[in-house]
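Let us walk through this structure step by step, beginning with a group of residues and then widening the view to the whole chain.

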Amino acid sequence: MNKQTIVGVLGAGSMGSGIAQIAATQEHQVVLVDLNEEVLGSSKTKLVKILNRLEEKGKLIADDVLARITFSTSVQDFKDCGIIIEAIVENIDIKQKVFAQLETIVSADCILASNTSSLSIASIASACKKAERVIGIHFFNPAPLMPLVEIIPAVQTSEATKNASRQLIDNWKKVTVLTKDTPGFIVNRVARPFYGEALKIYEEGIADFATIDWAMTELGGFRMGPFTLMDYIGNDINYTVTETVFAAFYYDPRYRPSFTQKRHSEAGWYGRKSGRGYFDYAEGAEKPAPNKDEELGAEIVNRIVVMLINEAADALFLNIATKEDIDLAMTKGVNYPCGLLEWADEIGLEEVLLRLEFLHAEYGDDRYRPSVLLRRLVRDNKTFY
Ligand SMILES: NC(=O)c1ccc[n+]([C@@H]2O[C@H](COP(=O)([O-])OP(=O)(O)OC[C@H]3O[C@@H](n4cnc5c(N)ncnc54)[C@H](O)[C@@H]3O)[C@@H](O)[C@H]2O)c1
């Protein structure tokens with residue numbers, strides 16, 4: 001595929017609009033389709049605003065980029081596309097129906113990609129006659145700003161589809177990582193303890209939200225604390241992802257959701273968008289002060305980071321992705337200060353393992369079982385890099 005390739009984007013919500021913006025900025029003709037005319041209109045308005053701002057900064061000429069995007073309510077307009085990236089509602093039945101329909105419109109070699117965060121690419125591909133043309137291309141929000149894109153071939157996906165898709169997204173100056181079609185891919189799998197362990201530390205009464213956030217940002221170097229981030233994502237969305245991942249992993253205790261988050265979600269305390277989450281976002285509301293006890297802070301960071309490292313190690317052990325891609329995914333997709341496997345080497349694998357073994361023994365909960373890979377590396381006196 002090259003710049004002559006016409007890119008189709010299905011769904012003009014937050015992700016679809018962002019993906020259309022990227023492709024048009026990269027000089028592709030883009031067909032952006034949404035069934036809802038109002039959504040299309042507001043997508044266009046938002047894009048005009050963003051592109052004008054970028055023009056003011058001297059980055060592009062807004063009218064040129066905009067002229068390359070055709071806004072449409074008809075999937076028939078996809079007929080000349082070389083690739084279609086679907087970003088509609090996260091529902092397997094709807095996605096399958098849509099993929100089967102797309103196949104009747106496009107040419108035989110058009111690639112059909114899904115931006116799904118949590119559904120299996122194999123199940124989406126199964127709806128198509130030419131399942132080998134289907135792949136996952138997972139952007140992060142906001143798509144034009146976040147450099148990472150996960151490329152997810154299903155068991156049915158051909159090498160040609162995989163290579164052409166990755167090459168196209170690389171040409172868009174994104175950082176691509178290749179991942180297996182397993183729940184959460186890399187980022188949404190490896191990042192679970194960032195939320196889950198923070199919630200558990202709170203539930204055990206070890207520290208409050210503000211203190212945990214202070215520790216993770218000031219001492220851990222993370223850009224946002226877990227509770228501020230969950231409030232930003234929305235507790236309803238973050239809780240649903242956790243529940244989906246938990247079920248998809250056959251109820252592995254490592255991914256067990258938290259009652260605290262469930263109750264916040266049930267209460268409508270979604271976070272920023274509802275004005276209240278773990279923190280109060282009402283005008284004039286004061287943010288609670290953290291307890292800046294350095295020893296407590298270090299303890300919090302260590303517990304969450306070793307759990308993250310354990311997830312990363314296990315993803316590597318199960319060949320979800322290469323160690324380089326696992327580390328890249330977390331730094332480029334969710335802005336971690338350092339790749340987790342690199343971080344593990346820095347801390348010392350023996351120390352990481354000791355901490356996990358201590359937690360495992362103390363809680364008697366399989367949630368804390370150390371990855372076999374970590375045990376083997378320590379046994380053989382090796383490191384990840
Ligand atoms: N929001 C995120 O942070 C994020 C990040 C990565 C991936 N994703 C994934 O991207 C996809 C879209 O997410 P979003 O947040 O942009 O959703 P959204 O609700 O903002 O947008 C979805 C759009 O799809 C349209 N739509 C629904 N059914 C359609 C159909 N059959 N044909 C055409 N248009 C249809 C809707 O009108 C809506 O405008 C989902 O699969 C989601 O899991 C979301």
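This is a predicted model: local features need pLDDT of at least 70, side-chain atom pairs count only at pLDDT 80 or more; totals for chains, interfaces and linings use all residues.

The helices α1 (14-25) and α4 (92-103) each contribute at least two residues to the shell around the ligand, where helices are DSSP runs of H or I with at least four residues, strands are runs of E with at least two, and both are numbered from the N terminus. The largest contribution to this shell, three residues, is that of α1. The shell counts 24 residues around the ligand, of which Gly11, Gly13, Met15, Ser117 and Asn141 come nearest; a residue is near a molecule if its C-beta atom, placed from the backbone, lies within 6 Å of it. Sorted by class, the shell has 13 nonpolar, nine polar and two charged residues, with Ala, Val, Leu, Ile, Met, Phe, Trp, Tyr, Cys and Pro taken as nonpolar, Asp, Glu, Lys and Arg as charged, and the others, Gly among them, as polar.

Residues are numbered from 1 along each chain as its sequence is written.

Taken as a whole, the protein has 17 helices and eight strands. Its radius of gyration, 22 Å, is close to the 21 Å that the globule rule gives for 385 residues, so the protein is as compact as a globular protein of that length; the radius is taken over C-alpha atoms, and the rule is 2.2 Å times the number of residues to the power 0.38. Along the principal axes, the C-alpha trace spans about 60 × 55 × 40 Å. Of the 385 residues, 46% are buried, which is said of a residue with 20 or more other C-beta atoms within 10 Å of its own, whereas 12 or fewer make it exposed and a count in between partly exposed, with C-beta atoms placed from the backbone.

An automatic or database domain assignment supplies the domain bounds, and the protein is divided into domain 1 (7-178) and domain 2 (189-379). The centres of the two domains, taken over C-alpha atoms, are separated by 30 Å. Nine residues of domain 1 are in contact with eight residues of domain 2, contact meaning that the C-beta atoms of two residues, placed from the backbone, lie within 7 Å. On the side of domain 1 that touches domain 2, β7 (148-153) and β8 (175-178) each supply at least two residues, and the largest share, three residues, comes from β8. By class, this side has seven nonpolar, one polar and one charged residues.

Strand β6 (residues 134-139) has six of its six residues buried, so this strand is largely enclosed by the rest of the structure. Val134, Gly136 and His138 point one way from β6, while Ile135, Ile137 and Phe139 point the other way. Strand β5 (residues 111-114) runs parallel to β6 and is joined to it by three bridges, two strands being paired if DSSP finds at least two bridges between them; here Ser114 stands opposite Gly136. Between β6 and β7, which run antiparallel, there are five bridges, and Ile135 stands opposite Pro153 in β7.

Finally, Phe246 has its place in helix α11 (residues 235-248) and is partly exposed, with 19 other C-beta atoms within 10 Å. Leaving aside neighbours within four places in sequence, Phe246 is in contact with Tyr251, Tyr255, Arg256 and Pro257.
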